[in-house]
Amino acid sequence: MRIQVTVNGQAREADVDPRVLLVHFLRENLGLTGTKIGCDTSQCGACVVKMDGATIKSCTCLAVQADGSDIMTIEGLAPAGELHAVQEAFWNKHGLQCGYCTAGMIMTSVELLERNPNPTAEEVRQGLEGNICRCTGYHNIVKAVLAAAEAKGS
Amino acid sequence: MTSRIFGSGIRRREDPRLITGQASYTDDISLPGTVHAAILRSPHAHARIRSIDIGGAASSPGVLAVYTGADIDGVLNPIPCAWIVPDSDVKAVAHPAIAKDLVRYQGDAVAVVVAESRYQAEDALELINVDYETLPVVVNAEAAMRAGAPQLHEDAPNNQAFHWVMAGGDTDAAFSDAEVVVKDTIIQQKLIPNTIEPRSALASWVGPTGELTLWTSSQNPHICRFITSLVSSVPEHKIRVIAPEVGGGFGSKTPIYADEMIAVFCSMKLRRPVKWTETRSENYQSTLHGRDHTEYVEIAATREGKITGVRSVVYAGMGAYLSTASTGIPTILHGLMYCGPYDIANVKADVYGVFTNTTPVDLYRGAGRPEATFLLERMVDLLAAELGVDPAELRRKNLIPKFEDGHDVATGLTYDSGDYELSLNMALEHVNYQELRKEQAHGREHHEYMGIGISCYCEICGLGPSQVAGAIGFGGGLWEAATIRFTPTGKVGVYVGVSPHGQGEETTFAQIVADELGVAVDDVDVIHGDTANTPMGWGTYGSRTTVVGGAAVALSSRKLKEKAKALAAHLLEAAEADIEYEDGKFFVRGSPDQSKTIQDIALMANVAWNMPEGMEPGMEASAFYDPPNFTYPFGAHVAVVTVDADNGLVELKRYVAVDDCGPQVNPMIVEGQVHGGVVQGAGQALWEGAVYSENGQLLTGSMMDYALPKAHMVPDIETLSSVTPSPHNPLGVKGIGETGTIASTVTIYNAVIDALRPLGVTSIDMPLTPEKVWRAIHQQGS
């Protein structure tokens, strides 16, 4: 099937097998390997991208379902050479170790702060319940999201 | 220098690529012509393969080949166990990469399909027909040793994989003379490591040159090359292993697995790059599991609370085969830590390793030491309850007094340095222990169940002296190497054999070099993970990377500084004895104006226009560091929980970790290691566990069924530290990667049991899920 999507601001057109998952389309057809696959069952959140402004798990979305939509991946979060406030905060607060969950964590955090610009620590923890990190114990991820909120507010 | 770079919590240089999606993990890498492998796994835990019909699969669209056990027979050697613990009758049974006649656990590889795409390979798997004759199954280690149990391996009667006994002092006398003996049965449930990156391999065989390149998610690329050579028979110098970005390990990416070797085999047969990446369900079935002990434990003491002995009989489930380092875990890394931080004169561990029809176990964060700490700290709590004394005071009474340079314990180890009471005092003071006990007593009057759990620990890591490795049957060395090389413009490359995968040594090693050589930290690059451009090394596990690898980095820096000093003397036309060094500058004593920076010297060494007689050109040094002893970090942890007696729900309210890993190269990274480890250990206490049905089906087969800690399930972790240097390490450092899991599981467990004490509950098998806690409360009540 032929699909048209905007990915990180760029119009893309492709022929895809109807069963191809969006995450595979992004990684293999478009070479955007920043989005990861961790669990195949929608638990871990490593594959989170934004579709028309809302976060989705791209391992449980078909590429054809994305036809006509506007997708943003970690690669498109900030202009080249710049960092989004959430990326900067993850760096400053040591919000990552192995980095594998990080793209999904950051995309989820970005959307969380769009919905709730001044969350409490508890709200951040609840907001990240669809993303699993095995390295950080979440402590510094929560600190990073709170720091990003503060940086954006100031 | 205004502030020292060693000890500074600077941001990690790894992060910019990771937070922008620019880092490449194995599955992100593709070569021209890459084809994809998918592995068919046994749905049965124990079965004879009567026949395999690959016909439909071989002709499926896009399929290049289908291989079975018959194809690898005689081509790929069995996957070896690389740790044969001496004097324990280890049965290193053959583990073929693809099963030919028998499958012994659900997930054992049966066939592999290689196709142009992963989708096509998966489609073809569906078309392979295997005729199985199912056999009786045993999943529990203790049951597997009973008469009449199903037998896994002909050459391992009673499923006994090994039997190891460690005895120090005279436990028989200690127990027969004991005033108090407390017993318990401890179940260390089987755990699934769950790196968020699944394992992956990309094998590329270039036939005409006979060269194999293997990109793989490995914690130890040099060991991987070594064993890949043994399994594939490709000479080691023709193999290049690259561990690119690796998404977590926790021990699970230490072993050499069948799957990666299957990818190698396929690439060699097809002469195409072959990529294989496991799905999460494959990860649950075929990546190693951890723990799985049934322990019968006794502790002996005087009425005054002096612990006089500890002994155990342990049935350690090894799974269906012996994985790479598996035999060393319930033995060396477990039994030898039975003294913990306490002065205990008589200890004995009697450990049976047992084959079961389950996924093999191997190193999982802490590996043996969490089990030892749990055993000891659980028994100390039970003893405190029996004697009616405060558990903190009982611990204090038995702690080994402060020592700075060696202390021998009954298991035969010599601890390096320790100040155990300091950790306990810091933890109790920080958590405000006496107030908490008052709060607890008050709450109990209103049927509110708050619990306080304590653990003191000391652990063995920084593996380790190579001579000891040989003596304990470890199939390799345990030294590390580093090469430091200046470019003509004064920039520094640090090439190391260890291979971090999230622990941040690209940053901390640069800090060590910057500190040793007075260069800017941003001028130092750390290169690791590729056997083609790094010195031999034994890998990242056992909290050894900074301890052993970092020491090699420091020693090579010091060697290079000696050369720089000699060259500086020559250039400054002074005697070497008159040259002084400060902050990256060499100068003639008394004349600081006459100086050369280390960059000036690097340039001269590189161009070699004016060298002293006999000095080789180049600004490069290598050092090999073989530690004289292990390191023994220690600490004390306190957990505060509440238990809702109506529904059994445990809430972890506070967690205080006091850890001492000696001087910290980067405190931010140290804290991060503690946070992650504590939460991983909390997972074992409260939520995680691999559950098998009687017939060997893994019931917790996906992240939907296996409960991992999530952000809202845990509190902030309160971290404190003290600094007791290791006397034998060039930097004084001890490991910190595993202390979290080593201490936290039992700390939280003790807190829950402490909460339930007024309800008469003294023991619940982990994980302490609401259902189990509720049942335990109500069984007592009925």
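# Briefing on a two-chain predicted model

Chain B has a mean pLDDT of 97, and 99% of its residues reach 70 or more. The structure is a predicted model, with an ipTM of 0.98 and a pTM of 0.98.

**Chain B as a whole**

- The secondary structure of chain B consists of 21 helices and 28 strands.
- For 782 residues, a compact globule would have a radius of gyration near 28 Å; the value for chain B is 27 Å, which agrees with that expectation.
- Taken along the principal axes, the box filled by the C-alpha atoms of chain B is roughly 90 × 70 × 45 Å.
- Of the 782 residues in chain B, 60% are buried.
- Among contacts in chain B with a separation of 6 or more, 81% are between residues 24 or more positions apart.

**A three-stranded sheet in chain B**

- Three strands of chain B form an open sheet in the order β22-β23-β24, and their pairing is antiparallel.
- The edges of this sheet are β22 (579–582) and β24 (591–597) of chain B; each has a single partner strand, so one side of each is left without a neighbour in the sheet.
- From one strand to the next, the twist averages 35 degrees.
- Strand β23 of chain B, residues 585–588, runs antiparallel to β24(B) and is joined to it by four bridges.
- One residue pair can be named here: V588(B) has S591(B), in β24(B), as its bridge partner.
- As background, the strands of a sheet pair through backbone hydrogen bonds, in either a parallel or an antiparallel manner.
- Helix α17 of chain B, residues 545–571, lies across β22, β23 and β24 of chain B, and runs at about 125 degrees to β22(B).

**Chain A as a whole**

- Chain A contains five helices and five strands.
- Read from the N terminus, the order of these elements in chain A is β-β-α-β-β-β-α-α-α-α.
- A compact globule of 154 residues would have a radius of gyration near 15 Å, and chain A agrees with this, having 15 Å.
- The C-alpha trace of chain A spans about 45 × 30 × 25 Å along its principal axes.
- Buried residues account for 58% of the 154 residues in chain A.
- In chain A, 63% of the contacts between residues at least 6 apart in sequence join residues at least 24 apart.

**Helix α1 of chain A**

- How much of helix α1 of chain A is buried? Six of its eight residues (the helix covers residues 22–29) are buried, so the helix is largely enclosed by the rest of the structure.
- The buried residues in α1(A) are L22(A), V23(A), H24(A), F25(A), L26(A) and R27(A).
- Just after α1(A), the residue G31(A) adopts a positive phi of about 70 degrees.

**Where the two chains meet**

- The contact draws 41 residues from chain B and 40 residues from chain A.
- On the side of chain B that touches chain A, α1 (15–19) and α19 (667–686) of chain B each supply at least two residues.
- The largest share of that side of chain B is eight residues, and it comes from α19(B).
- By class, the side of chain B that touches chain A has 16 nonpolar, 16 polar and nine charged residues.

Definitions and conventions:
Residues are numbered from 1 along each chain as its sequence is written. Chains are lettered from A and ligands numbered from 1 in the order in which they are written. This is a predicted model: local features need pLDDT of at least 70, side-chain atom pairs count only at pLDDT 80 or more; totals for chains, interfaces and linings use all residues. pLDDT is the predictor's confidence in each residue, from 0 to 100. The radius of gyration is taken over C-alpha atoms; the globule rule is 2.2 Å times the number of residues to the power 0.38. A residue is buried if 20 or more other C-beta atoms lie within 10 Å of its own, exposed if 12 or fewer, and partly exposed in between; C-beta atoms are placed from the backbone. Two residues are in contact if their C-beta atoms, placed from the backbone, lie within 7 Å. Two strands pair if DSSP finds at least two bridges between them. Axes are lines fitted to C-alpha atoms, for helices over the stretch in contact, and angles run from 0 to 180 degrees between N-to-C directions. Ala, Val, Leu, Ile, Met, Phe, Trp, Tyr, Cys and Pro count as nonpolar, Asp, Glu, Lys and Arg as charged, and the others, Gly among them, as polar.
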